[in-house]
Amino acid sequence: MYTLTFINSQESSRLEVTAEPDSMLITSVRKLVNDGKLQLAWRCGQGTCGACKVRLEHAGSGAMVMLGAKEKNVMARHAGLAADSPLSIPDTPALIRLACHIQIKSDLTIYV
Ligand code: FES
């Protein structure tokens, strides 16, 4: 199991839960939202609407983030990513990701 730490800076709240390795972040988000424990907008749950925007702790590490083609296209339509961006992009604090496209492979800190 991995630990997911959700941080809402505006509300100064923090929530820790565990998640199955290789599960999708949106699976945990959906359960927490449905249980009233987390406030994060999501709609399709399938990676196409662009509603489930999050930022991840390691942003700004200087590393690169490899996007899938579908995530890149949705981010270009809904999250301000330039349409001609490559699939490998710098990991900056401003980088928005989509919970539907994040497979859990380690502990994560998620800003919502
Ligand atoms: S809920 Fe639609 S892209 Fe994640």
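Strands β3 and β7 (residues 108-111) run antiparallel and are joined by two bridges, where strands are DSSP E runs of at least two residues and helices are H or I runs of at least four, both numbered from the N terminus. Two strands count as paired if DSSP finds at least two bridges between them. Within this pair, arginine 55 stands opposite tyrosine 111 of β7. The model is a predicted one, in which local features need pLDDT of at least 70 and side-chain atom pairs count only at pLDDT 80 or more, while totals for chains, interfaces and linings use all residues. Residues are numbered from 1 along each chain as its sequence is written.

Strand β3 (residues 53-56) also has two bridges to β6 (residues 97-98), again antiparallel; here lysine 53 has leucine 98 as its bridge partner. Strand β7 is joined by four bridges to β1 (residues 2-8), and these two strands run parallel. Tyrosine 111 of β7 is the bridge partner of isoleucine 7. These pairings belong to an open sheet of five strands, with mixed pairing and the order β2-β1-β7-β3-β6. At its edges stand β2 (13-19) and β6, each of which pairs on one side only. In a regular strand, side chains alternate between the two faces of the sheet.

The protein as a whole has two helices and seven strands, arranged along the sequence as β-β-α-β-β-α-β-β-β. Its radius of gyration is 13 Å, close to the 13 Å that the globule rule gives for 112 residues, so the protein is as compact as a globular protein of that length. The radius is taken over C-alpha atoms, and the rule is 2.2 Å times the number of residues to the power 0.38. Along the principal axes, the C-alpha atoms fill a box of roughly 40 × 30 × 30 Å.

Turning to the interior, 18% of the 112 residues count as buried, meaning that 20 or more other C-beta atoms lie within 10 Å of the residue's own; 12 or fewer make a residue exposed, values in between make it partly exposed, and C-beta atoms are placed from the backbone. In helix α1, the buried residues are Leu25, Ile26, Ser28 and Val29. Seen down the axis of α1, they fall within an arc of 155°, so they line one face of the helix; the arc is that of the directions from the helix axis to the C-beta atoms. These buried residues of α1 pack against β1 and β2. Just after α1, glycine 36 takes a positive phi of about 75°.

The largest nonpolar core has eleven residues, including Leu25, Cys52, Met75, Leu98 and Ile104. A nonpolar core is a set of buried Ala, Val, Leu, Ile, Met, Phe, Trp, Tyr and Cys residues joined through C-beta atoms within 7 Å. Helices α1 (25-34) and α2 are the elements that give two or more residues to this core, and α1 gives the most, with three.

Methionine 75 lies in helix α2 (residues 69-78). With 23 C-beta neighbours inside 10 Å, methionine 75 counts as buried. Leaving out residues up to four places away in sequence, methionine 75 touches Leu81, Ile96 and Leu98, a contact being two C-beta atoms, placed from the backbone, within 7 Å.
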